[in-house]
Protein chains: 2
Amino acid sequence: MSDPFVVVGGDAAGLSAASKCARESERDVVVFERGRWVSYAHCGTPYYVKGEVDDLVDLTSLSPAEIEERGIDLRRDHEVIGIDTEGRTVTVRGGGAEFEQPYGDLLVATGATAAVPFPGVELAGAFTLHHMDSAAAIRAFLEEPGSVDPATVGDGFTDEALVRRYAERDPPERAVIVGGGYVGVELAEAFSAWDLNVHVFQRGERLLKPFGEAVGDAVATELRERGVTLHLDTPVERLRGDGELEAVVCGDEELETTLAVVGVGVEPASDLAAEAGIDLGASGAVAVDEYGETSADNVYAAGDCAEDTNAVTGESAWVPLGLTANRAGRAIGATVAGDPTPVGNVAGTAVVKAFEQECGRVGIIDHDHAREAGFEPVSETITAGSRSGYYPGNADTTVTLCADRESGRLLGGAIVGTDRAAVRIDTVATALEAGMTVAEVERLDLAYAPPFSPVWDPVLVAAKVLNGTLEDG
Amino acid sequence: MSDPFVVVGGDAAGLSAASKCARESERDVVVFERGRWVSYAHCGTPYYVKGEVDDLVDLTSLSPAEIEERGIDLRRDHEVIGIDTEGRTVTVRGGGAEFEQPYGDLLVATGATAAVPFPGVELAGAFTLHHMDSAAAIRAFLEEPGSVDPATVGDGFTDEALVRRYAERDPPERAVIVGGGYVGVELAEAFSAWDLNVHVFQRGERLLKPFGEAVGDAVATELRERGVTLHLDTPVERLRGDGELEAVVCGDEELETTLAVVGVGVEPASDLAAEAGIDLGASGAVAVDEYGETSADNVYAAGDCAEDTNAVTGESAWVPLGLTANRAGRAIGATVAGDPTPVGNVAGTAVVKAFEQECGRVGIIDHDHAREAGFEPVSETITAGSRSGYYPGNADTTVTLCADRESGRLLGGAIVGTDRAAVRIDTVATALEAGMTVAEVERLDLAYAPPFSPVWDPVLVAAKVLNGTLEDG
């Protein structure tokens, strides 16, 4: 009891660490979660909103009971409000009290919060989609009044009063999404499934910016073909309303709506660590070493609140993604259980579905970013078939690969297509993490059979073309 | 005209080489093809038999006219019957004559022939599926009499008399497939689509032997669930009949049938090279160096008649697959055009569809094979979801990974599942060719999004489990 492993945050990183430590050691493990939801998949909320996932609880992978069966002391509705890195205690508010909890090792896994860069998100009908409760509320708003029983949504984890408020309202006819990133694109699909008039506002000229031009263009085309109205290069200034949302305002223009979701990015929830004097990185996320340890002894950070090491540049980066969080948490759990384990690098591999378009990206695609990292970037984009041309289901697959001119080293790639395109980014990710040159990628012995791939897989075609460009100097 | 690049064989390897050389140099390029079909996809024939591909010509990627437009002198119905490596000429029979053709460089790309280890395959109704004509004949046999016009099948490339013979016969009610490899499994699906009573005879106890136990078992289950009768451990002795096939004979048992396809493997068509005194490897295929050159100066070999270098062992191997043939041909075309290019290694990556099961394999899976190559193999097989558990379409995906105990190096892998399983083998192939250890595979940053993958991709789960086994010693 004197030397517990204390975890702040009961989601991917926190519970991966807690589970690993509890399994591999005799240490006491305590997890504080300030909310009621634990072990939930944020990434799944758009599919719950869409209606493809019936029950919000389906998005959780472990119940509180299952977590406790693993030997973890789980305290929900307990917020850690301070860390004393000298005295090795945390201050906890919960159960109607405030108390000090000593730790031997501490993991800060406080996640991220939705960025809200303009006023009006507090209006009823305006949401960020960064919590299970907001997913529950949005879905209740979409359903016909009276058809949702707020008491049953989310199996008691959800804010019942919030859900009730929206379950009683008339469904919106229009949905406005502010932000054309993952959440925006996924929600455009979700709201279209409810036959809403869907509008997406994007500050910049391109959707899914980290995926590069070819993917962004393909997704814009897909969304428009599905009836979504895109407002590109259109910064939203505020949401207007009086208690309830009435319109989205951009300059002199405004668009009336009773539903808006703001998904313009997330920010690392690093205040708790910063207030304790723990170093943050340039990104604002908690700085960590290769074992996930912060500037404070025996204090670790992982998941969306912490930085990672970029697999391409070797530099610190902030890439808040699910696998990274799980993996880093698991490694830290092993470390504090006595088996020092590096948290691993991050290649920035990401995939997203935009209606039928599957999009993937990895590494460095943006040329400015590549140059900042000391590379001389060269990219090629090709479109090739996903299967043999004569085989049913063959579909165009567009691949961008980016390499360093001098070394020929692969720096990153992106892919978009309707037929199994997303999974193919893993080939590029693996080549990238292996430090392969484009010439080596071109010689990869990838699978060929008519139902699954043409003789020259689209990734190989891209490597062939890019390698030709590199050889031509 | 004095120094032409002469190619024997007008399919994948031969035409890839001819096209590359014609594009990259001023050399004369002559291709001799003994048949009428050129640039055809063998791998697609089961889907033509099935009826998913309408027209046999759809399986060709280049027409004779397109090949000639590339500046290639294409001679169909021309058989090379001898090579004089001293005089640097080949003897050609074609156009009603026999003549000598000088070469500066020669590529032997004679392919493979179907193995026929028992008598009776000459009977009408018995086939090997290793030629476009046999695909045309089988498909004509399956169709109702009178519904196929033999003159239009294969656009004039096909043996019309052969097709006519089968187009007039009553369709079979039963189909017997001898051999449970790629062709056997693909044809089981094809014949089932015609509602035939389908039987597969396999000499050994397992289907798809190179894919290992987990895949073989899953495919056997799939075939049985689809109504295919499997006769495992059942060597066929002969096909019985009197002009026309009547039955398949195994010991005292026989099974009546009017249609049988023998797909028990292929053999390298290396006689032409062997008779010219060119060295063959232990496999019986033509031995080549890293540039695809044989023991005779300026004579190259590529495709199904030639050996390759195994990416795992570095030793010579015979792996007759489509990408390998195309890649080696292209490299040799570059070499003879003046840009020496290695043909590359072969990881043995292969995928096959068995009804809804997608199967993949790469590298060394078989423990005896691994031990022969000097490794101490350790394997683990896991089953994990293909997508997030709550996302529609999530399906069991079984992954086997094999590694060397001492070095931890990945040696090979196999995968089977109904949801995008096949494409995932490319991740394993890339890791294998990069020489990764299983620990490195476990740390790969693979893509995660609910519609495409769980947080821990099945490949990562397999690596995690195998790495645990390796660490436990």
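1. Helix α6 (residues 182-192) of chain B lies across strands β10, β11 (197-201) and β16 of that chain, and α6 runs at about 175° to β10(B). Helices (H or I, at least four residues) and strands (E, at least two) are DSSP runs, numbered from the N terminus. Axes are lines fitted to C-alpha atoms, for helices over the stretch in contact, and angles run from 0 to 180 degrees between N-to-C directions.

2. This is a predicted model, in which local features need pLDDT of at least 70 and side-chain atom pairs count only at pLDDT 80 or more, while totals for chains, interfaces and linings use all residues. Residues are numbered from 1 along each chain as its sequence is written, chains are lettered from A in the order in which they are written, and side-chain values use heavy atoms, with hydrogens and water left out.

3. In chain B, five strands make an open sheet with parallel pairing, in the order β9-β16-β10-β11-β12. Two strands pair if DSSP finds at least two bridges between them. At the edges are β9 (126-128) and β12 (229-231) of chain B, each pairing on one side only. Ignoring direction, neighbouring strands of this sheet are turned by 20° against each other on average.

4. Within chain B, strand β10 (residues 174-178) is joined to the parallel strand β16 (residues 260-262) by three bridges. B:Val178 has B:Val262 in β16(B) as its bridge partner.

5. Between chain B and chain A, 55 residues of chain B are in contact (heavy atoms within 4.5 Å) with 55 residues of chain A. The two chains bury about 5100 Å² between them, 64% of it on carbon and sulfur atoms. Buried area is the accessible area (1.4 Å probe) that two parts lose on being put together, summed over both. Of the area that chain B buries against chain A, B:Tyr390, B:Asp445 and B:Phe452 supply 15%, more than any other three residues.

6. Four salt bridges are found across the interface of chain B and chain A; the rule asks for a side-chain nitrogen of Lys or Arg within 4 Å of a carboxyl oxygen of Asp or Glu. A:Glu358 forms a salt bridge with B:Arg420, with the closest N and O atoms 2.7 Å apart.

7. Over all chains, the structure holds 44 salt bridges. A:Glu254 and A:Arg240 form a salt bridge through their side chains (2.6 Å, N to O). A:Glu254 is in strand β15 (residues 253-256) of chain A and A:Arg240 in strand β13 (residues 238-242) of chain A, so the pair ties together parts that are 14 residues apart in sequence.
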